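Hi,

Here is the structure I promised to pass on. Have a look at it first, and then read my notes below.

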Amino acid sequence: MRVIHSRIGVATVLLALVAAACAGTSEETKAFCDSFVAAEAMFSADEPDPVAIENLLADIESGAPEDVAGDVATIMTAARTVLQTGDFSAMDSDEFKAADFAVDEYMTDECGYPTLTVTAQDPTNGSADHHEFADVPDTLPNGATTIQFVNGGGEAHELAVLRVNDGETMNITEILALPEEEAMTKASFVGGTFAMPGDENNTGAAFVDLTLGQYAFVCFVPVGATPETIPALESGEFAGGPPHFTEGMVAEFTVTG
Ligand SMILES: [Cu+2]
């Protein structure tokens with residue numbers, strides 16, 4: 001953008017500088033944000049490319065803004081452990097969660113992406129008569145987007161971002177009805193976040209580069225999952241009910257140009 005403006009003239013450059021100051025996003029911040037978005041997408045993918053991810057992690061580390069450099073370092077250490085071991089438990093620590101929250105907050109405030117706020121609702125606290133994502137429009141513009149996920153329900157919820165693979169004619173509802181292995185040949189995870197019920201940890205943020213196509217937000221959390229039952233769910237002592245999406249917690253949308 002700077003190159004184009006410098007060709008047009010000084011007045012335009014000044015205007016552009018004013019606009020940049022208002023938007024508050026420097027080129028360095030934007031580069032950091034875009035690398036982080038790309039890394040999140042790779043971590044969500046079924047078969048991430050290890051070399052491409054390591055390159056991105058190096059970019060993120062070297063470009064980390066001072067305000068969150070320590071938090072970014074914590075996240076990068078956990079990310080590398082996950083890549084080496086395939087075990088996601090490195091991302092369960094309180095230290096990781098605090099760092100992740102801080103970087104999410106920084107990115108929400110500083111990246112300058114348009115923000116979509118989506119609210120989870122469910123019958124447990126009477127916020128809805130079935131499990132659902134509220135406030136999801138039918139269409140969204142393409143480009144990097146901040147998704148602010150607010151849990152307004154009584155159970156734990158996730159917002160998984162699924163994209164229908166190019167060339168696939170089934171919609172998300174049809175794809176989700178298939179056995180998992182077959183379903184994952186027709187759609188791909190491109191991002192996501194969790195949010196707990198109640199007053200603590202009740203928001204999450206996902207940063208997704210939306211490209212033209214068919215998408216859905218989907219919640220795979222089983223009915224009955226609350227912060228109290230999550231340890232039992234993880235250890236297999238509590239199976240929970242059917243996944244929330246089967247109760248209506250799926251919202252399809254189209255990304256347009
Ligand atoms: Cu849910």
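Five strands form an open sheet in the order S3-S9-S8-S5-S6, with mixed pairing. Strands here are DSSP runs (E, at least two residues), helices are runs of H or I with at least four, and both are numbered from the N terminus. Two strands pair if DSSP finds at least two bridges between them. At the edges sit strand S3 (139-141) and strand S6 (187-195), each pairing on one side only. From one strand to the next, the twist averages 25° (axes are lines fitted to C-alpha atoms, and angles run from 0 to 180 degrees between N-to-C directions). In general, strands of a sheet pair through backbone hydrogen bonds, either parallel or antiparallel. Within S6, Gly 191 is the bridge partner of Val 161.

Before you go on, this is a predicted model: local features need pLDDT of at least 70 and side-chain atom pairs count only at pLDDT 80 or more, while totals for chains, interfaces and linings use all residues. Residues are numbered from 1 along each chain as its sequence is written.

Val 161 turns up again in the largest nonpolar core, which has 54 residues; Leu 159, Val 161, Phe 217 and Val 218 have the most contacts inside it. (Such a core is a set of buried Ala, Val, Leu, Ile, Met, Phe, Trp, Tyr and Cys residues joined through C-beta atoms within 7 Å.) Helix H3 (residues 27-44) gives the most to this core, with 6 residues. Domain 1 (27-110) and domain 2 (115-256) each supply at least three residues to the core; those bounds come from an automatic or database domain assignment.

What does Leu 159 touch, not counting residues up to four places away in sequence? Its contacts are Val 118, Ile 147, Phe 149, Gly 192, Thr 193, Ala 206, Phe 217 and Cys 219. Contact means C-beta atoms, placed from the backbone, within 7 Å.

Now for Val 223, in the loop between strand S8 (213-218) and helix H9 (230-235). Val 223 counts as partly exposed because it has 17 C-beta neighbours inside 10 Å (20 or more is buried, 12 or fewer is exposed). Pro 242 is 19 residues away along the chain, yet the two C-alpha atoms are separated by 5.7 Å. Val 223 also touches residues including Gly 240, His 244 and Glu 247.

Overall, the protein has 9 helices and 9 strands, and 30% of its 257 residues count as buried.

Cheers

Definitions and conventions. Two residues are in contact if their C-beta atoms, placed from the backbone, lie within 7 Å.
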